[in-house]
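Student: I would like to learn how to read a structure step by step, beginning with the fold and ending with single residues. Could we go through one together?

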Amino acid sequence: MTGENSGDFRARIRTSFERQAAMATIGAELTRVEHGMVEIELPFDVKLTQQHGILHAGIISAALDSACGFAAYSLIDPTASILTIEFKVNLMSPGRGERFLFRGEVTKPGNTIIVADGRGYAIGDGPAKLIASMTGTMMVIRGREGITG
């Protein structure tokens, strides 16, 4: 039921995002919500870096996973939820910047499985720089105890 009866997907995504302690912990903000596309931004914080002072791959992966997951969530019916079942991340450039933008877009919608692609960008002086890409597979979950919204 992807797309036809997705209800007020923007409000559902904002509510669900606010419940994600992981995104709150890293200081991520939900900055754009469209049908099939979500953007999350994150300010640079030295607490999120690895030993070389660049944004840690785990932080990049978590933000891309959330962006892709919420992009998928925007297409499903209001009574369902989304769980990531697989993803692949390519780290293309060091995570150096003042801010970071993570965009998730649905590539292949479906009733049970949704595929989304994500891109991570470092923002600073000059044009945004692509630092990572992700392809993720999400499963639509219905009627499972403890997994809602």
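Tutor: Let us begin with the order of the elements, bearing in mind that this is a predicted model. From the N terminus on, the protein runs α-α-β-β-α-β-β-β-β, and the radius of gyration is 15 Å, close to the 15 Å that the globule rule gives for 149 residues, so the protein is as compact as a globular protein of that length.

Student: How many helices and strands does the secondary structure come to, and what does the C-alpha trace span along its principal axes?

Tutor: The secondary structure comes to three helices and six strands, while the C-alpha trace spans about 45 × 25 × 25 Å along the principal axes of the protein.

Student: How should I read burial and contacts for the protein as a whole, and what percentage of its residues count as buried?

Tutor: A residue is called buried when its relative accessible area is under 20%, and 45% of the 149 residues of the protein fall into that class. As for the surface, the accessible area of the protein comes to about 7500 Å², and carbon and sulfur atoms account for 52% of it.

Student: How many salt bridges does the count come to, and which residue forms one with Arg-10?

Tutor: A salt bridge is counted when a side-chain nitrogen of Lys or Arg is within 4 Å of a carboxyl oxygen of Asp or Glu, and by this rule there are seven. One of them joins Arg-10 to Glu-34, with the closest N and O atoms 3.1 Å apart. Because Arg-10 lies in helix 1 (residues 9–18) and Glu-34 in strand 1 (residues 29–34), this pair ties together parts that are 24 residues apart in sequence. Arg-10 is partly exposed at 36% relative accessibility, and Glu-34 is partly exposed at 30%.

Student: Which residues are linked with these two in a network of salt bridges?

Tutor: The network links Arg-10, Arg-32, Glu-34, Glu-39 and Arg-103. Within it, the side chains of Glu-34 and Arg-32 meet at 3.8 Å, N to O, and Arg-32 is partly exposed, with a relative accessibility of 37%.

Student: What can be said of the salt bridge between Glu-41 and Arg-99?

Tutor: In that pair the closest N and O atoms are 3.3 Å apart; since Glu-41 lies in strand 2 (residues 37–43) and Arg-99 in strand 4 (residues 99–108), the bridge ties together parts that are 58 residues apart in sequence. Glu-41 counts as buried at 19% relative accessibility, whereas Arg-99 is partly exposed, with a relative accessible area of 26%.

Note on methods:
Residues are numbered from 1 along each chain as its sequence is written. This is a predicted model: local features need pLDDT of at least 70, side-chain atom pairs count only at pLDDT 80 or more; totals for chains, interfaces and linings use all residues. Side-chain values use heavy atoms; hydrogens and water are left out. Helices (H or I, at least four residues) and strands (E, at least two) are DSSP runs, numbered from the N terminus. The radius of gyration is taken over C-alpha atoms; the globule rule is 2.2 Å times the number of residues to the power 0.38. Buried means under 20% relative accessible area, exposed over 50%, partly exposed in between (1.4 Å probe, protein chains only). Accessible areas come from the Shrake-Rupley method with a 1.4 Å probe; for residues, only the protein chains shown count as cover.
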